[in-house]
Amino acid sequence: MLLKFTHIEYNHLHYPVYGYTQNIVLWEPGYVGTGIINQERQASFITVLRGRIIDETGEALIGATVKILRGKEFVRGIITDYNGEYRVPVPPGKYNLEVSYTGFQTCKTNGIVIRENMLNTVDVSLAAGTMLTEVAIRDFRVPLVEQDETQGGQTLTSDQIRNMPTRSVNAMVATTAATTSIDKGERLVAKEKKSDTVNFWAGDAWGLAGKSSRRSAYPATQRYARAREFYVPQYDQQQPAAERDDFRPTVYWNPSVKTDRDGKAQVEFYASDAITNFRVTLEGVTAAGQAGRQEARFFVQKPVSIALKTPASVVSGDVLRLQIALTNHTALPANGVLDVQAPAHFILANPIPETVSVAAGETKTVSVEYHVGQAASPEQTISARFRGAETFEDAFETKIATMNRGFPVKRVISGNGMQNMFNIQLNDPVSGSLAVKLTAYPNLLNDVLKGMERMLRQPSGCFEQVSSTTYPNLLVLDLMRQTQTVSPEVESRALALIEDGYKKLAAYECKDGGFDWWGRSPAHEGLTAYGIMEFKDMSKVFPVDQQIIHRSVQWLLGRRDGNGGWKRRNDWHGWHSDGVIGAYIAWAVAEAGYGAQFRAETDFACQKAIESGDPYQIALLANALALQNDPRLPSFIRLLLDKQDENGVWAGKTHSVMGGGGNNLKVETTALAVLALLKTGRAQDVSVSKAIDFLVKSKTEYGYGSTQSTVLALKALTEYAKTGNTAPSEGRIVVQIDGKRVAEQSYSAKSLNALVIGDLEQNFSENNANVEVFFENTDQAIPFDLEMEYATRLPLNARNSPLSFQTLLAQNETAVGNTVRLSAVLKNETGSALASPMVVLGIPAGLTLQPWQLKQLGEQKKWDFYELWDGFAVFHFESLAPNETRRIDLDLRADISGVFEAPASQAFLYYDNDQRVWSKPEVITVR
């Protein structure tokens, strides 16, 4: 019986159905859709604007940008799918439609009326961009190296090369050229005549640069080079491998194809494993000197293929409905075995057929539903394989991460006493999410190394954030090499991250010299000094272009005001124009070896530090004076020792150079004081050991507080470890929970690895537990960390936070292909400006961010920088004005069916990262 639906699809048009009978007669043969479409008339109907975007030849335009505007106000947006189609839910009303696509003229259609309870269809044909018959070039600089259009990369101009970290022509070519391929682990490179000479096109002539002329490029006499040998893979057998792993961007290149008398030639090559469109470009010259060019496309597909779209991450409790598409491109039926493997905590809700038959030319979809449980490990593999008996096989495999539902909580409690007791009160943990472990270190050196290993992370964000995440990598590598405890795995990973950080840091150099958070002129004096010090430290473990340091020093010399101060620019990111920054610059340039060139500024900073009585400024200057053997050093050390409290702490008076306060300021000041005392040979002093105890116990889930306090604490602990005051001990560590002895482990002087006692959560019977950690068979305790990680339904918002934050999902139900608006609202609740707030916005697994919209909102200065993590979009702001509100509206595209909860969203201040506020996780059902 025909159900009561609103429309039927016939010849790609949609006709309303007013009578409901079992028989519908078509006036003439035509295309009928896969079924009656849309919802029942009695059900609530979502008004939709849909259509197809094509070019003048009728070919679908994939990824065209479709914007819906009310007047000039942006309402909704989406990009077209593989068929050039778009579908956007919008309220009834009158709108303007704007469609754009690279290489085509933008099409604007005004006055489109969207009627309620109807499918509103607007198809658009885009015309090709304007053809230029004559161009007058007034000024032009030829790129030295231009990337092949079929490959990823970039074009570098001479101005850009001048600002690169390296000036070597070999390095420049390596930066842009994509002439290498990987085959079974062997690196194959296009051949050159000489290893120290690189030939490259510069306009109509060859440029030649070698070791003796690294910075010169000049017109030369016409030269000819032997044709390069392009890598072609060789296959031992014709049967394709089930696993696809060859995704070369260029599959064939031949510079010397000769045609016959009829202008025909035949070439053969292997395509890659990519199931996609390939572009073929043919260019040639006749014997008469006539040039010709033609492009064509071809599509590669397997006889029988499998396709599956999965999210990068899910949340425990999600319902994931996967659509496995099996396509038979042959003229015969394909009968095969379907094998789907999912992580153990993915609970299958429906049976999966073991055998599947796919008719010739058919695409059959197998629906698989999983209920996501609690994961045993954060990231696991999901795969699908479809194979017939020696006739065909295709497979799909990817990683999928599982995050805990609710708000994440991570606590680190550090100790080093003989008897330690902790009362652990958990904040309503989600069942199954609790993990507790104890890590103990037989010596401080091991403690520092393990702490740094945990901080090895990918650089991101502004110059300061990249610096703060790169610095621990430098420290761990330098310390490991000096103590000969380096492991190949850690060294390899650290070097890779340092190299990545170095490239990013160098890109923030301003055009006029110095460094800014985002590489914009004018530079900042304090940040430039920080960069000089970091590049100097980096050069101990990684090759650094010394010209970067030299240019920065020269710029900083030009910023002196002649009276011992600085021609300061406006302050950003919490940095302040007071005596603190002068003391900081004096220390930074002294650490980098340039203190003598800033003598007057150091003298002025010393005077201001004594007048202020600020331990933070005094500690900075004590380090600077120690590096220059200044006779004032003893008096500054005495001042410093007088200001240490009984707990071994030095507390700054106001703020650190980067705006740190509270416990972060204590950690920074104490670390600087330890560094100064170590420079004067006081490693054995009680004042140093008490300060080290404080730093060790200051460890939190965020390191040692903010990124800046963490960097300084690690620097101090590293230098202390180098003094040899880290003799290993031996004994037994015991863990007791609620009076029951639950774990113990012995250690000795020969055991330098950290001791890990895991799975302690099994002994937590309720949310309030008494944990005792004590030592036996020894008279000396060793440092340890008690780490607890779980999820809670109750957010741990910071008290009296200066920020308020909330998220809102416009609707809680949608269909695949539609867009849903997710809004994030951040507000400064104070009457003062706040430096460097950040938003970490959770994205539900079934929804996808649209790159074009991120680009557009960035251009509108909705944020200053953004980055994408699995399951999150992270937005950085330079500052928030007093009582200012920032709102971010994102139109997320529904790509995967299921029920999804977003990872918890949060906002915090970069310099006070313990001041965090959370927003409730959003939940959506995608049909």
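**Overall make-up**

The protein chain has 927 residues, and 47% of them are buried. Its secondary structure comes to 15 helices and 48 strands. Of the contacts between residues at least 6 apart in sequence, 69% join residues at least 24 apart. The chain exposes about 46600 Å², and 49% of this area is supplied by carbon and sulfur atoms.

**Confidence**

The mean pLDDT of the chain is 79, and 78% of the residues reach 70 or more. Over residues 18–22, pLDDT stays under 50, and the model has 8 contacts beyond four places in sequence for this stretch. Residues 130–227 also have a pLDDT below 50, with 120 contacts in the model beyond near neighbours in sequence. Where pLDDT is low, the predicted coordinates should not be read in detail.

**A surface patch**

Ile62, Tyr82, Ile275 and Phe299 make a nonpolar surface patch of about 380 Å². Isoleucine 62 lies in the loop between β4 (48–54) and β5 (65–70). The relative accessible area of isoleucine 62 is 39%, so this residue counts as partly exposed, a class that runs between 20% and 50%.

**An open sheet**

Four strands form an open, antiparallel sheet in the order β35-β37-β44-β40. At its edges stand β35 (803–809) and β40 (847–848); each has a single partner strand, so one side of each is left without a neighbour in the sheet. Within the sheet, β37 pairs with β44, and alanine 824 stands opposite isoleucine 888 in β44.

**A buried strand**

Strand β39 pairs with β46 and with β42. Methionine 838 stands opposite phenylalanine 908 in β46, and the bridge partner of leucine 841 in β42 is alanine 873.

| Strand pair | Residues given | Sense | Bridges |
|---|---|---|---|
| β37 and β44 | β37: residues 819–828; β44: residues 885–894 | antiparallel | 9 bridges |
| β39 and β46 | β46: residues 905–909 | antiparallel | 4 bridges |
| β39 and β42 | β42: residues 872–876 | antiparallel | 5 bridges |

Terms used
Residues are numbered from 1 along each chain as its sequence is written. This is a predicted model: local features need pLDDT of at least 70, side-chain atom pairs count only at pLDDT 80 or more; totals for chains, interfaces and linings use all residues. Side-chain values use heavy atoms; hydrogens and water are left out. Helices (H or I, at least four residues) and strands (E, at least two) are DSSP runs, numbered from the N terminus. Buried means under 20% relative accessible area, exposed over 50%, partly exposed in between (1.4 Å probe, protein chains only). Contact means heavy atoms within 4.5 Å. Accessible areas come from the Shrake-Rupley method with a 1.4 Å probe; for residues, only the protein chains shown count as cover. Patches are made of residues with over 30% relative accessible area and no salt bridge: like charges are joined within 9 Å, nonpolar side chains (Val, Leu, Ile, Met, Phe, Trp, Tyr) within 5 Å. A salt bridge is a side-chain nitrogen of Lys or Arg within 4 Å of a carboxyl oxygen of Asp or Glu. pLDDT is the predictor's confidence in each residue, from 0 to 100. Two strands pair if DSSP finds at least two bridges between them.
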